[in-house]
Amino acid sequence: MNVVADIIALDNAQPTAPRRIGEVMLKLDNVSLSFGGVKAIRDVSFDVRRGEIRAIIGPNGAGKTSMLNVINGFYHPQQGVITFKGEQRSAMRPYVAASQGIARTFQNVALFKGMSTLDNIMTGRTMKMKRGLFWQALRHGPAMAEEIEHRAVAERIIDFLEIAHIRKTPVGRLPYGLQKRVELGRALATEPELLLLDEPMAGMNLEEKQDMSRFILTVNDTFGTTIALIEHDMGVVMDLSDRIVVLDYGQKIADGTPAEVKADQKVIDAYLGVAH
Amino acid sequence: MFYRENGQFNTTYAEDMAVFPIRQDRIGLALILGVAAIGVPLFGNSFFISSVMIPFLVYSLATIGLNILTGYTGLISLGTGAFMGVGAFACFKLTTAFPNVNIIFWILASGFFSAAIGMLFGLPSLRVKGFYLAVTTLAAQFFLQWCFIRIPWLYNDSASGAIEVARRTLFGFPITGAQASAQTRYLVLLGIVVFMTWIASNIVHGRIGRSWMAVRDMDIAAELMGIRLLPTKLTAFAVSSFYAGVAGACMMFLWYGGGEANDVFNINQSFNILFMVILGGLGSLVGSFMGAAFISSLPTIFKFGLPAIGINIGGATAEHLTFMVVGALIVIFLIAEPHGLARLWQITKEKLRLWPFPH
Ligand SMILES: Nc1ncnc2c1ncn2[C@@H]1O[C@H](COP(=O)(O)OP(=O)(O)O)[C@@H](O)[C@H]1O
Ligand SMILES: [Mg+2]
């Protein structure tokens with residue numbers, strides 16, 4: 001399956017400007033994380049460059065989700081050094097990571113179930129909204145101006161993701177594929193520099209996967225957002241990503257371009273289940 | 001005229017963001033306000049106003065307060081009664097110390113005291129949730145209730161241990177104390193409730209309200225949106241307790257006209273208001289009014305309504321009947337419709353929008 005080719009075929013009116021991949025934005029050195037006796041990540045090092053799409057792959061339980069959790073501050077590794085935008089990072093709360101420009105989506109959709117699509121996306125604007133309780137209580141003047149300004153941004157995201165028809169629907173009522181899309185919208189609303197996507201296409205049909213791939217490519221292309229994504233669909237991974245890091249049992253077993261990774265014997269063994 | 005938004009187009013975000021975007025809703029609201037502000041005081045007798053309308057409004061305010069915490073932010077509290085008490089005592093001390101400042105000002109200002117106390121007891125909410133938070137707030141309830149009795153300074157060392165509500169005026173009219181008529185007390189209360197409902201509606205529809213709901217629905221994702229959990233929860237505790245405090249002050253000064261804290265601001269009151277929140281609908285302001293109206297009027301209906309249509313039950317039976325009906329309804333609602341009366345109302349409206357052509 002070649003999703004990207006399909007999209008380009010559909011969409012080849014758009015000239016593809018050469019993408020620019022810049023300096024190292026995120027760097028992990030010798031990171032180890034364990035839960036009691038379980039070693040989820042063992043001595044892993046890799047980096048993510050500005051502007052690239054970086055995939056993290058590996059069998060279930062390989063430590064991929066844990067890796068994202070380390071990057072956005074949910075888990076604090078016992079060992080290792082993380083450098084983001086040139087600054088070495090200490091243990092921090094997720095909201096600090098958010099304020100530094102890291103957003104993410106979750107493997108199991110983690111939307112705000114009781115809120116509408118629009119409110120979920122508006123919540124993504126929280127960090128950019130400054131008016132305090134006093135003005136909020138009046139909902140006039142500066143608070144209203146701010147609300148309208150951010151509503152306009154939310155509407156642009158809604159248009160881009162083609163979810164205008166479900167704007168006012170409580171997200172709990174939406175089908176899974178659309179929930180994933182709203183979750184992407186909510187992450188985009190924070191205007192991230194680094195976007196972490198945990199299995200954005202899990203459980204989707206072909207058409208939904210194509211849509212999602214198109215959105216991911218457009219986000220990366222037009223806004224220059226750096227993306228690190230976990231995905232099991234190898235076709236999608238090979239098409240979308242610039243570089244791939246492969247984890248198995250918490251260890252990094254390969255790192256390189258799709259072609260390099262595809263040819264790597266250790267990767268082939270891991271995926272074919274050769275005894276370790 | 002049909003209930004629907006056909007032909008009404010919102011052309012700006014501001015219009016679309018209005019709390020009542022459908023014109024029929026706005027007309028309905030205006031009608032209700034008109035009846036409440038003009039109809040009730042003009043045609044309602046003192047008994048109806050003082051034993052139905054005033055309790056309803058006081059409870060509505062308290063229910064909105066608890067709903068902000070429990071319905072919007074997902075934090076349970078069993079300390080509402082005590083937080084109301086803090087408001088009542090604060091108002092009492094303030095108006096004793098500064099009798100010349102208008103009592104309405106002090107009623108509203110007393111909310112700040114309960115907000116501060118509420119935030120203090122809300123601190124554990126960063127670490128504990130659900131059952132454990134319920135126990136923490138229960139501890140607050142008992143501790144504060146103990147203070148209300150054991151600190152004579154709070155009730156000005158009066159021998160009875162009760163709050164005494166003195167005469168206070170607005171433009172020369174007595175609005176508290178024995179000379180204040182039910183009508184005047186009702187109108188003052190109505191003003192406070194309408195104003196504070198408007199404020200609550202503004203808050204829950206903006207950034208802070210969304211942050212509360214985000215924390216309620218999925219706190220880890222909320223943190224990734226840059227929402228800090230502790231300040232968000234504490235804000236909810238503060239605003240919620242503010243409403244409880246003002247409700248408590250209103251209860252003492254505009255309804256009871258004095259009384260002993262232990263009788264009024266006890267654990268039963270906390271549960272009473274929690275039941276109003278659950279019956280009315282978690283996370284709904286309209287529901288808060290519905291829950292308060294329903295539960296606060298039941299005793300009166302049983303005590304006076306049933307005899308009026310020829311069914312004679314004693315006062316004690318009426319009270320038991322209230323407990324039984326409310327208890328049964330709580331169980332039914334928790335199982336069948338956790339979003340309460342407000343959700344039933346919404347379903348009715350959705351049906352109405354399609355009626356009479358349901359397809
Ligand atoms: N919070 C946790 N507590 C205990 N063990 C965990 C926790 N999170 C992940 N693990 C363990 O870490 C390992 C890696 O899990 P995960 O990162 O979710 O893998 P993947 O996303 O690659 O499927 C698994 O063995 C898992 O059981
Ligand atoms: Mg995973």
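Contact here means heavy atoms within 4.5 Å, and the legends below describe a predicted model.

Figure 1. When residues up to four places away in sequence are left aside, B:Gly87 touches B:Ser110, B:Ser114, B:Gly245 and B:Ala249. The relative accessibility of B:Gly87 is 0%, and the residue therefore counts as buried, a term that applies under 20%. B:Cys250 stands 163 residues from B:Gly87 along the chain, yet the C-alpha atoms of these two residues are separated by 8.7 Å.

**Figure 2. The interface between chain B and chain A.** On the side of chain B, 33 residues are in contact with 40 residues of chain A. The area buried between the two chains is about 3300 Å², and carbon and sulfur atoms give 65% of this area. Of the area that chain B buries against chain A, 25% is supplied by B:Arg210, B:Leu224 and B:Met225, which is more than any other three residues supply.

**Figure 3. Polar contacts and salt bridges across the interface of chain B and chain A.** Between chain B and chain A the count is four salt bridges, one of which joins the side chains of B:Asp16 and A:Lys168 at 3.1 Å, taken from N to O. With both residues at pLDDT 80 or more, 12 residue pairs are found in polar contact across this interface. Several helices of chain B each supply at least two residues of the side that touches chain A, among them helix H1 (13-16), helix H7 (182-204), helix H10 (229-256) and helix H15 (340-354). The largest share of that side, eight residues, comes from H8(B). By residue type, the side of chain B that touches chain A divides into 18 nonpolar, six polar and nine charged residues.

**Figure 4. Protein donors of the magnesium ion (ligand 2).** A:Thr65 is part of helix H2 (residues 64-71) of chain A, whereas A:Gln107 sits in the loop between strand S6 (102-105) and helix H4 (117-123) of chain A, so the pair ties together parts that are 42 residues apart in sequence. A:Thr65 counts as partly exposed because its relative accessibility is 24%, and A:Gln107, with a relative accessible area of 27%, is likewise partly exposed.

Terms used:
Residues numbered from 1 in each chain as written. Chains lettered and ligands numbered in written order. Predicted model: local features only at pLDDT ≥ 70, side-chain atom pairs only at ≥ 80, totals over all residues. Heavy atoms only, no water. Buried area = accessible area lost by both parts, 1.4 Å probe. Polar contact = N/O pair within 3.5 Å; in protein donor to acceptor, adjacent residues only side chain to side chain. Helix = DSSP H or I, 4+ residues; strand = E, 2+ residues; numbered from the N terminus. Nonpolar A, V, L, I, M, F, W, Y, C, P; charged D, E, K, R; others polar. Donors = N, O, S within 2.8 Å, 3.2 Å for Na, K, Ca; no water. Buried < 20%, exposed > 50% of the residue type's maximum accessible area, 1.4 Å probe, protein only.
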